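Subject: Structure handover and salt bridges

Hello,

Here is the structure you will be working with. Please have a look at it, then read the notes below.

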Amino acid sequence: SADRYKDPSQPLNTRIDDLLGRMTLAEKIGQMSQIEREKATPDVINKYFIGSVLSGGGSVPEKNAPPEAWVGMVNGMQSGALSTRLGIPMLYGIDAVHGHGNVYKATIFPHNVGLGCTRDPELAKRIGAAVALEVRATGIPYIFAPCVAVCRDPRWGRCYESFSEHPELVQNMTSIISGFQGEIPAGGTLGVPFMAGQRNVAACSKHYVGDGGTTNGINENNTVATFHELLSIHMPPYYNAVIRGVSTVMISYSSWNGLKMHANRFLITDFLKKELRFRGFVISDWQGLDRITTPEHADYILSIKLGILAGIDMVMIPFNYTEFIDGLTLLVNNGTIPMSRIDDAVRRILRVKFTMGLFENPYADPSLTGELGKQEHRDLAREAVRKSLVLLKNGKPGDKPLLPLPKKAYGGILVAGSHANDLGSQCGGWTITWQGLTGNNLTAGTTILDGIKRAVVPGTDVVYSENPDAGFIQQNKARFDYAIVVVGEPPYAETFGDNLNLTIPAPGPAIIQNVCGSIKCVVVIVSGRPLVLEPYINTMNALVAAWLPGTEGQGVADVLFGDYGFTGKLSRTWFRSVNQLPMNVGDARYDPLFPFGFGLETQPS
Ligand SMILES: OC[C@@H]1[C@@H](O)[C@H](O)[C@@H](O)c2nc(CNc3ccccc3)cn21
């Protein structure tokens with residue numbers, strides 16, 4: 001009979017059973033192997049039956065690669081996969097965690113901490129759909145997003161990747177999955193991998209589970225919690241993700257009560273796969289198997305054994321693929337890992353690949369290249385910026401509100417601070433490179449300063465000085481109508497973002513003191529999380545949390561100058577002092593500078 005697995009009119013399970021029944025062990029283990037782009041030549045993919053390839057943070061075909069170069073690269077790799085005996089298409093994955101961050105001229109949306117402040121799940125869904133189109137513009141059908149961490153300590157370097165400290169808000173924002181993959185239609189089957197069509201992408205809820213609950217926010221560390229605490233704080237977003245048909249779940253580097261998640265059979269197999277009936281595939285994090293042992297890679301055979309038996313289906317190896325393949329082959333041949341475990345893994349991988357139409361559409365749709373960085377998506381991102389900003393102070397006690405700022409300033413406006421004119425810093429980590437970049441040459445976008453200049457009445461004098469000295473301020477303090485001071489954190493990702501003091505990096509505090517001490521000022525904080533503010537807050541006339549807004553900096557000016565009102569509400573508690581941490585809404589001891597849910601409002605002027 002013709003290969004029934006190739007016939008899309010066949011029932012899904014018939015296709016899976018037919019294909020699985022034809023596969024050798026080498027072909028099965030190949031499907032479980034995900035390798036990094038730089039290792040993934042068509043020959044390697046063909047020879048080892050590689051099932052998946054990824055771009056790690058910053059891993060691009062060439063610097064500032066246009067969508068066509070991405071399409072060419074992905075299609076080339078796909079040819080390697082389709083030329084194998086069974087012609088199983090490979091799945092290319094990438095981190096599109098705030099837009100297609102690795103790709104030059106992609107639209108960069110606010111990071112999740114800001115999206116949580118919008119309280120707008122429908123907006124999140126629209127963003128998901130736009131990101132899916134930009135990812136498809138580059139020929140890629142799978143993303144390692146959304147991160148559904150419930151960040152309980154802002155000292156964690158990845159807190160900005162979390163929608164909120166409150167599990168319910170994170171649950172609500174899982175609507176982004178239905179944007180990425182499409183919405184399961186009425187009457188459709190909930191809780192199984194879903195993808196509406198070839199303008200959508202398969203998603204990945206991460207990092208399972210408890211990544212945001214580690215001690216002191218130390219990345220990849222230990223989450224101490226009872227099972228009920230885990231279920232009530234960190235697990236809820238996975239209920240929603242599974243029901244929405246998320247295609248994959250990525251395992252966390254962290255441990256739960258001292259046991260590495262990558263080796264946790266109870267939570268991966270007994271709970272996620274059996275209790276929650278998750279039917280997609282479980283993927284490791286980057287070298288997640290290696291990091292099961294201390295030191296990492298100390299006993300890779302043990303790592304493979306523990307990870308695969310725990311229920312991991314696909315391994316983000318990503319470099320030493322022969323060591324992984326040989327090790328897993330040995331463990332199956334010596335009976336340590338039963339073929340039934342391998343077959344469960346391959347079944348799940350094939351289910352996702354069949355469901356997303358990868359067999360019928362293995363190659364990129366070249367008609368979508370124009371979706372990258374489309375003005376319509378930038379306008380959506382600008383809307384998200386407006387709705388993500390949180391107004392924390394508007395006028396000193398007894399003063400009239402400072403915001404919305406007048407667009408006409410007779411004496412001119414002083415704009416100060418490094419983050420007013422730094423596209424890279426306003427985007428944050430996972431942008432062009434893994435750690436992100438400072439400066440204005442990394443991609444296409446609008447700085448906050450650009451936005452201010454475009455918002456004011458023509459002829460209004462906007463003077464920018466990154467760090468004005470006391471002399472300049474003294475000479476000009478009577479001149480300026482008001483000042484806008486934009487300071488904050490440099491870009492960072494993962495462990496590089498772990499921070500125990502959470503102070504505004506120098507020279508931010510000095511700029512605030514110097515400028516706001518002499519000129520009526522609004523301070524805009526560009527950061528991945530709440531920072532220490534209490535010592536300076538009385539000097540400020542107004543204060544805005546802008547988080548990491550991305551490329552559409554004009555959204556900041558839109559609300560500063562009243563084209564739109566402020567509506568954002570804090571997705572996280574704004575602490576007074578790091579000595580209080582961890583401190584989350586609902587805690588018995590709760591003495592924040594600004595509470596979860598706080599946000600002043602203004603009317604459009
Ligand atoms: O980029 C792939 C994954 C990502 O999806 C996970 O959220 C994140 O935990 C993650 N971390 C790495 C590690 N990246 C890395 C980059 C350069 C040197 C060493 C490690 C890769 N990934």
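In which helix do Glu-383 and Lys-387 lie, and how many residues apart are they? Both are in helix α15 (residues 375-388), four residues apart, about one turn of the helix. Helices (H or I, at least four residues) and strands (E, at least two) are DSSP runs, numbered from the N terminus.

This is a predicted model, where local features need pLDDT of at least 70 and side-chain atom pairs count only at pLDDT 80 or more, while totals for chains, interfaces and linings use all residues. Residues are numbered from 1 along each chain as its sequence is written, and side-chain values use heavy atoms, without hydrogens and water.

The topic is salt bridges (a side-chain nitrogen of Lys or Arg within 4 Å of a carboxyl oxygen of Asp or Glu). By this rule there are 37 salt bridges.

Glu-383 and Lys-387 form one of them, at 2.7 Å from N to O. Glu-383 is buried, at 15% relative accessibility, and Lys-387 is partly exposed, at 25%. Here buried means under 20% relative accessible area, exposed over 50%, and partly exposed in between (1.4 Å probe, protein chains only). Both residues belong to a network of salt bridges that also links Asp-120, Glu-122 and Arg-126.

Another salt bridge joins Arg-347 and Asp-17, with the closest N and O atoms 2.8 Å apart. Arg-347 lies in helix α14 (residues 339-355) and Asp-17 in helix α1 (residues 12-22), so this pair ties together parts 330 residues apart in sequence. Arg-347 is partly exposed, at 28%, and Asp-17 is partly exposed, at 40%.

Regards
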